[in-house]
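Take a moment with the sequence and the fold. The paragraphs below walk through them one part at a time.

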Amino acid sequence: YHWVREDLLDKKELQEDIFVEHFQIADNPNLDPSFVAFLYRKYTGIFKKRFLDGLWVLAEGAVYKDVLTDDIFYDDAQRPAGLKARGGHVEHWLAIDEGVHNPFVAIDTYDDSRTVWYDSEFYWDSQQRMRQLSDREKVDHLMAYMDECAGHKLDPRERPGIIIDPSAASLKVELTQRGMYVVDAKNDVDAGISRVSSMLNLKKIKINKPR
């Protein structure tokens, strides 16, 4: 549904006036073959079809379908020993999608400098539970969730940083007042989806399936 496709390429009355040629990234003679091979390793599914094969394809409902292979998933027994310990990762974040009409979600995330581990998820669907959470209740749940993930009562200095949508102003205030370190998420959705898809394809993201 891109306007170039709808308003130009698919308009019958314009067909005699427009020259269209389809090409793929591999058709570019100026690109080093090793770089082209790298791109084909990096992208798969929807993004391979768009960026490399030059096709007009929809991503709705199928963004990560082609890259969610079995080797991306793990369980507690397969988690690297010491990942959650202070020396087992370089960064520890709680990534939050606030959700008002949509579910309120938080992902406990560890980065060991080679792989990003999505280790567990807190999930509150207000429509299913028939009750919205206040900002204070959300933070209460998050603090209890952090302790549960760690397996003990966390010292404030041990808590992960918080990544959250910059538009969630009142929740950000509540988090900050309760002693959390809060960072604004980057809201470039297309770039984010592309980055995550590439990381999944390169096996740089692992997901704890049972959690």
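**A walk through the model**

M130 is found in the loop between helix 4 (126–129) and helix 5. Helices here are DSSP runs of H or I with at least four residues, strands are runs of E with at least two, and both are numbered from the N terminus. This is a predicted model, where local features need pLDDT of at least 70, side-chain atom pairs count only at pLDDT 80 or more, and totals for chains, interfaces and linings use all residues. Residues are numbered from 1 along each chain as its sequence is written, and side-chain values use heavy atoms, with hydrogens and water left out.

Stay with M130. Its phi is near 65°, a positive value in a residue other than glycine. Most residues other than glycine have a negative phi. M130 counts as exposed, at 71% relative accessibility. Exposed means over 50% relative accessible area, buried means under 20%, and partly exposed lies in between (1.4 Å probe, protein chains only). S113 also has a positive phi, near 85°. S113 lies in the loop between strand 3 and strand 4 (116–124). S113 is exposed, with a relative accessible area of 54%.

Now the sheet. Strands of a sheet pair through backbone hydrogen bonds, either parallel or antiparallel. In this model, seven strands form an open sheet with mixed pairing, in the order 1-7-4-3-2-5-6. Strand 1 (73–74) and strand 6 are the edge strands, and each pairs on one side only. Two strands count as paired if DSSP finds at least two bridges between them. Strand 2 and strand 5 run parallel and are joined by four bridges. I96 stands opposite I164 in strand 5.

Next comes helix 6. Which residues of helix 6 are buried? They are L171, K172, E174 and L175, in a helix that spans residues 169–177. Seen down the helix axis, these buried residues fall within an arc of 160°, so they line one face of helix 6. The arc is taken from the directions from the helix axis to the C-beta atoms. An α-helix has 3.6 residues a turn, so residues three or four places apart point the same way. The buried residues of helix 6 pack against strand 2 (91–97), strand 3 (104–111), helix 5 (135–150), strand 5 (161–164) and strand 6 (182–184). Contact here means heavy atoms within 4.5 Å. Just after helix 6, G179 takes a positive phi of about 90°.

Turn to the charged side chains. Side chains of opposite charge can pair when their charged atoms come close. A salt bridge is a side-chain nitrogen of Lys or Arg within 4 Å of a carboxyl oxygen of Asp or Glu. By this rule the model has 16 salt bridges. One of them joins R5 and D10, at 3.0 Å from N to O. R5 is partly exposed at 29% relative accessibility, and D10 is partly exposed at 45%.

Another salt bridge joins R211 and D76, with the closest N and O atoms 2.7 Å apart. This pair links distant parts of the chain, 135 residues apart. R211 is in the segment after strand 7 (205–208), while D76 is in the loop between strand 1 and strand 2. R211 and D76 also belong to a network of salt bridges with R79, K84 and D119.

What about D147 and K153? Their salt bridge has its closest N and O atoms 3.7 Å apart. D147 is buried, with a relative accessible area of 17%, whereas K153 is exposed at 67%.
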